[in-house]
Amino acid sequence: MREKILEILRCNARISHEQIATMLGMDPEEVTREIKAMEDEKVILKYNTLINWEKTDVNVVTAMIDVKVIPQRDVGFDEVAERIYRFPEVRSVSLMSGSYDLSVVVEGKTMKEVALFVAEKLATIEHVQSTMTHFVLKHYKQAGVIFEDKEEDRRQVVSP
Amino acid sequence: MSNFNAERFIVSKLRSIPPSGIRKFFDLVANTKGVISLGVGEPDFVTPWHIREACVYSLEKGYTMYTSNWGMPELRQAVAGYLEERYGLSYSPENQLVITVGASEAVDLALRAVVNDGDEVIVPEPCYVSYKPCAVMAGGKVVSIPTKPENDFQLTAEQLEAAITEKSKVLVLCYPNNPTGAIMNRDELSAIARVVEKHDLLVIADEIYSELTYNGQHTSFASLPGMKERTILINGFSKSFAMTGWRIGFAAGHPDLIGAMVKIHQYTILCTPVTAQMAALEALKNGLEHVYRMKEQYNQRRRLLIKRLNDMGLDCFEPKGAFYAFPSVKRTGLDAETFCEELLKEEKVAVVPGNAFGAGGEGHIRISYAASINQIEEAMERMERFVARRYRELQVRAQA
Ligand SMILES: Cc1ncc(COP(=O)(O)O)c(C=O)c1O
């Protein structure tokens, strides 16, 4: 049941517990209890909103930065990652397999701001060997949502 | 002035078939703006991407030719495997399966292959709109059996028994049912099978909604003891894989019956489009996961819709299959058509009057839940307002 609740919430975090209960044939109190438990256990971390900033007057510049780390005794990736993810400019940090170690997403108001952040804050962190910055030019799809979906409902309005 | 009278050339059988009740309603809806339509008889999902992609790839590879009349051998093999795995049915891909242009063509082929002039074709109603016209065009005489809400819109053995004459030849079964959402389980179907056997009938089982069965597993009529040879099983990809526009389905059954159907098919259609066949092959190979995902979505919408209908005081038996609810609107004091027309006019919600699906459909409306949760919610808000107004009017009239 948890999986089904999560699947529904993932698509619509604002849906009421009653509605989830109806959709899954559950008791509303049970749904509330499950969701509360998942919040407590940090299975559910946060209810975010997916925003297309392009359609607002807010400037958002996003960069994805490949970070190589020099592994050293007593300093694992976790410590380096923490020094990075504590910065509020950093939206996400993941440990990667392959030719670099940490994938870091940084947001800022301008390219300059982001570039400066990388040069002054990120690249200078101890154990960071190198950074490679890629600026995002356009978002097509995020969190499973296509930004400009042209596949509208093309069905006949009534059919047998 | 020309003395040409086109009407005179049209066969009389065709003239005896009334225009589609759905068509009439379609025009009404199409001419209204801002409508939420729960009148659609096909999935709101588009075909899963990997299936579309496989079709595009096949075109790039040059799959643009005719195939075997029966359908591509690989596809028939895949269909045979699917029927075995899902419904425990074993058909030879060699001579017991034909790939058709939708379940629709299979229905037509089956009826044309087995109905002689004057043979009686028994059709439980309400049902999908094409059985009757196809049976009539095949020369048959349609004997309708109205199924009842108190029987959960199932055909009963007694009703079937009562409809039998010496001319009875074919029984059309469609469960899960369009428009009622009714299903029949193994025991219930077994009772029908006994009557079928006793009177030596042939069954055309349109199981196009078999994958959309909630709370339990679908029983294929052909899987009942002794019924496989007596059944022309019809199924397809339209509903389960959201592939309506591809126009592909299939029929399975006794080699002689399928052979007879192929005879018509090869001279009228030649073969099902190869593009659709390539897509269907991909669907069966890698698409079942999507079928289950879509089914879960339908099930959630179904529960929501039924609750909303019950909350607004409309009697609705629980539909356990397909993607339709079929509530009674008698409590509003309106007949089905008036209900649908006034609902459309006042609240811009489209649903289909039950009488468009034949006897026993009067007093009911078909609501399709092949629509998003938000659309269903909004449509139900509107319908609730509409129904409340009608209840109030009835009350005022009763007091006057
Ligand atoms: C019961 C039933 N049978 C057959 C069909 C037609 O299916 P196909 O698209 O495979 O021709 C439909 C479509 O609405 C249906 O509801």
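The residue B:P179 sits in the loop that runs between β5 and α9 (186-198) of chain B, where helices (H or I, at least four residues) and strands (E, at least two) are DSSP runs, numbered from the N terminus. The peptide bond that joins B:N178 to B:P179 is cis, with omega at about 20°. This is a predicted model, in which local features need pLDDT of at least 70 and side-chain atom pairs count only at pLDDT 80 or more, while totals for chains, interfaces and linings use all residues. Residues are numbered from 1 along each chain as its sequence is written, chains are lettered from A and ligands numbered from 1 in the order in which they are written, and side-chain values use heavy atoms, with hydrogens and water left out.

A cis peptide bond is also found from B:E125 to B:P126, with omega near 0°, and B:P126 belongs to the loop between β3 and α7 of chain B.

B:A322 is buried, with a relative accessible area of 0%; here buried means under 20% relative accessible area, exposed over 50%, and partly exposed in between (1.4 Å probe, protein chains only).

**Strands of chain B**

Strand β5 (residues 168-173) of chain B is largely enclosed by the rest of the structure, because five of its six residues are buried. Two strands are said to pair if DSSP finds at least two bridges between them. Strand β3 (residues 120-125) of chain B runs parallel to β5(B) and is joined to it by three bridges, with B:V121 having B:V170 as its bridge partner in β5(B). Strand β6 (residues 202-206) of chain B is likewise parallel to β5(B), through four bridges, and B:L171 stands opposite B:V203 of β6(B).

An open sheet of three strands in chain B has the order β9-β12-β11, with antiparallel pairing. Its edge strands are β9 (324-325) and β11 (352-353) of chain B, each of which pairs on one side only. Two bridges hold β9(B) and strand β12 (residues 365-368) of chain B together in the antiparallel sense, and B:Y324 stands opposite B:S368 in β12(B). As a general point, strands of a sheet pair through backbone hydrogen bonds, either parallel or antiparallel.

**A pocket in chain B**

The second largest pocket holds about 590 Å³ of space. On a 1 Å grid over the protein atoms alone, a pocket is an open set of points with protein on both sides within 12 Å along at least five of seven lines, whereas a cavity is a set of points where a 1.4 Å probe fits but cannot get out; lining residues have an atom within 4 Å of a point. Grid points are joined across faces, edges and corners, and a volume is the space filled by probe spheres set on the points.

The second largest pocket is lined by 26 residues, of which B:P18, B:P19, B:S20, B:G21 and B:A356 are the closest to its centre. The lining of this pocket divides into 15 nonpolar, six polar and five charged residues, where Ala, Val, Leu, Ile, Met, Phe, Trp, Tyr, Cys and Pro count as nonpolar, Asp, Glu, Lys and Arg as charged, and the others, Gly among them, as polar. At least two lining residues come from each of α3 (21-30), α7 (131-137) and α13 (336-347) of chain B, and α3(B) gives the most, with four residues. Domain 1 (11-46 + 289-390) and domain 2 (49-287) of chain B each supply at least three residues of the lining, the domain bounds being those of an automatic or database domain assignment.

**Cysteines**

A disulfide is a pair of cysteine sulfur atoms within 2.5 Å, and the count over all chains comes to zero. The sulfur of B:C316 is too far for a bond, because the closest cysteine sulfur, in B:C340, is 14 Å away. B:C316 is buried, with a relative accessible area of 13%, and B:C340 is buried, with a value of 0%.

**Chain A**

The domain assignment of chain A gives domain 1 (2-40) and domain 2 (53-139), whose centres, taken over C-alpha atoms, are separated by 34 Å. A:R154 lies in the segment after β6 (145-146) of chain A and counts as exposed, at 60% relative accessibility. The C-alpha atoms of A:R154 and A:E41 are 43 Å apart, and the two residues are 113 residues apart along the chain.
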